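Subject: Structure handover

Hello,

I am passing on the structure we spoke about, followed by notes on what was found in it. Please keep it open while you read.

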Amino acid sequence: MKRPFAVALCVLAALLVAPQPVLAADTSYRTLGAADNPDWMAPLADATSLAALSIPGTHETMSTHGGALTQTQEDFGDSGGTLARQLTAGIRMIDIRARVNTGNTFTIHHGAAYQNANFDDVLGRLGTFLARHPGETVVMRLKQECTGQFGSCTDVPGQKSFADIFDTYTARYPALFWQPSVSRGTGAPAPSLGTIRGRVVLAVLHGPHGGAIGHYGLTQFSGWDDASSTYVQDEYTVPNVGAIATKRDQVRRFLDLTSAGDPGTMYVNFASGSSVFAQPQQVAGGAFGVQGVNPFLVTYLNEGPEVHTPIVRTGMLMLDFPGSGLIGKIISLNTVRQR
């Protein structure tokens with residue numbers, strides 16, 4: 001009896017770790033390399049509020065290593081190469097997860113998996129891109145990744161606090177950040193585009209179990225905890241492939257709320273989700289005949305009033321494995337008014 005049981009466990013483990021059948025790459029999924037939108041913000045009026053924009057973003061922006069349960073993005077190279085390609089494609093909100101490491105530094109992780117990049121790589125890539133494309137801005141969510149629990153990482157002991165280490169980075173890169181967003185003592189209101197061009201805007205600094213650290217970031221996100229909150233949809237647990245339909249509906253309902261909401265209010269909508277029985281690529285691209293969130297989004301965003309009230313604003317839409325057509329469609333919703 002022991003041998004068949006052991007074989008069954010090995011088969012189950014292989015199924016959980018190995019890539020599973022997903023929909024082929026298309027305009028919604030795994031074609032970010034075909035997108036080329038490095039200057040899409042530049043024509044927008046300076047007075048345009050950040051809140052009024054439709055912004056393509058990536059969940060776990062740097063996560064390309066660790067296997068099928070961990071990878072959330074196409075791999076365009078270590079040391080920030082993946083981030084650089086995303087920025088060229090038009091991604092303007094990023095989700096960075098950091099471990100406290102030796103020498104009071106940050107290394108980039110997804111759970112226990114090191115992503116072959118450090119925070120200096122992230123900031124260097126951002127600085128290079130924004131210097132070449134000064135009409136753009138990038139919004140960043142930064143989270144302390146390590147909880148010390150099974151499957152996560154553990155911060156190196158004896159180092160400064162996460163906030164203190166972050167302050168050393170902002171002091172070293174003072175021209176990179178929009179300074180009102182990186183003040184520990186006071187949050188910042190939603191800025192206009194003209195005030196943040198060429199800068200990184202910190203949306204929130206998150207602790208390892210959720211919850212904002214200090215008053216960093218934008219005031220509106222001070223209540224952004226782990227998972228969903230008033231202005232954030234992040235129902236990240238998708239228990240199985242069949243439950244992708246539920247995730248699609250959560251994303252759709254939050255899109256409707258955002259589109260109909262006050263244009264001065266910011267919203268963040270995570271299209272991502274996973275579990276051991278539903279890999280990130282399956283939730284994004286679909287599997288076993290179940291439509292993924294990404295192809296659903298392309299359809300829903302393109303549908304006209306004969307089907308439903310059209311989406312006119314997505315807010316910040318956080319994606320796994322985004323395709324070129326999905327990125328382009330989100331960008332196209334921004335009304336271009338000459339500066």
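**Cavities**

The largest cavity holds about 40 Å³ of space. This is a predicted model, and two cavities of 30 Å³ or more are found in the structure. Lining the largest cavity are M62, T64, G77, D78, S79, G80, T82, Q115, N116 and A117. Strand β4 contributes the most to that lining, with three residues. Sorted by class, the lining consists of two nonpolar, seven polar and one charged residues.

The second largest cavity has about 30 Å³ of space. Its lining is made up of L32, Q73, E74, F76, T82, Q86, F321 and P322. Here the classes are four nonpolar, three polar and one charged.

**The largest pocket**

The largest pocket has a volume of about 940 Å³. A total of 32 residues line this pocket, and E60, H110, E145, Y236 and S274 lie nearest its centre. The pocket lining has nine nonpolar, 15 polar and eight charged residues.

H110 also belongs to a hairpin. Strand β3 (residues 105–110) pairs with strand β4 (residues 113–118) in the antiparallel sense, over three bridges. The bridge partner of H110 in β4 is A113. Two residues lie between the strands of this hairpin, and G111 takes a positive phi near 60° there.

**Strands β5 and β6**

Strand β5 (residues 138–144) runs beside β6 as a parallel pair, with six bridges. Within the pair, V139 stands opposite V201 of β6. How many residues of strand β6 are buried? Seven of the seven are, so β6 (residues 200–206) is largely enclosed by the rest of the structure.

P208 is in the loop between β6 and β7 (232–233). Is P208 buried or partly exposed? P208 is partly exposed, at 23% relative accessible area, and the cut-off for buried is under 20%. Apart from neighbours within four places in sequence, P208 is in contact with K143, Q144, C146 and T147. P208 and A98 are 110 residues apart along the chain, and their C-alpha atoms are separated by 9.6 Å.

T170 is located in helix α4 (residues 162–172). T170 has a relative accessible area of 10% and is therefore buried, given that buried means under 20%. With neighbours within four places in sequence left aside, T170 has contacts with F177 and V182.

Q281 is part of helix α7 (residues 280–285). With a relative accessible area of 7%, Q281 is buried. Which side chain does the side chain of Q281 make a polar contact with? The partner is the side chain of R30, at 2.8 Å.

In helix α9 (residues 324–332), the buried residues are S324, L326, I327, K329, I330 and I331.

Regards

Methods: Residues are numbered from 1 along each chain as its sequence is written. This is a predicted model: local features need pLDDT of at least 70, side-chain atom pairs count only at pLDDT 80 or more; totals for chains, interfaces and linings use all residues. Side-chain values use heavy atoms; hydrogens and water are left out. On a 1 Å grid over the protein atoms alone, a cavity is a set of points where a 1.4 Å probe fits but cannot get out, and a pocket is an open set with protein on both sides within 12 Å along at least five of seven lines; lining residues have an atom within 4 Å of a point. Grid points are joined across faces, edges and corners, and a volume is the space filled by probe spheres set on the points. Ala, Val, Leu, Ile, Met, Phe, Trp, Tyr, Cys and Pro count as nonpolar, Asp, Glu, Lys and Arg as charged, and the others, Gly among them, as polar. Buried means under 20% relative accessible area, exposed over 50%, partly exposed in between (1.4 Å probe, protein chains only). Helices (H or I, at least four residues) and strands (E, at least two) are DSSP runs, numbered from the N terminus. Two strands pair if DSSP finds at least two bridges between them. A polar contact is a pair of N or O atoms within 3.5 Å; within protein, one must be able to donate a hydrogen and the other to accept it, and residues adjacent in sequence count only if both atoms are side-chain atoms. Contact means heavy atoms within 4.5 Å.
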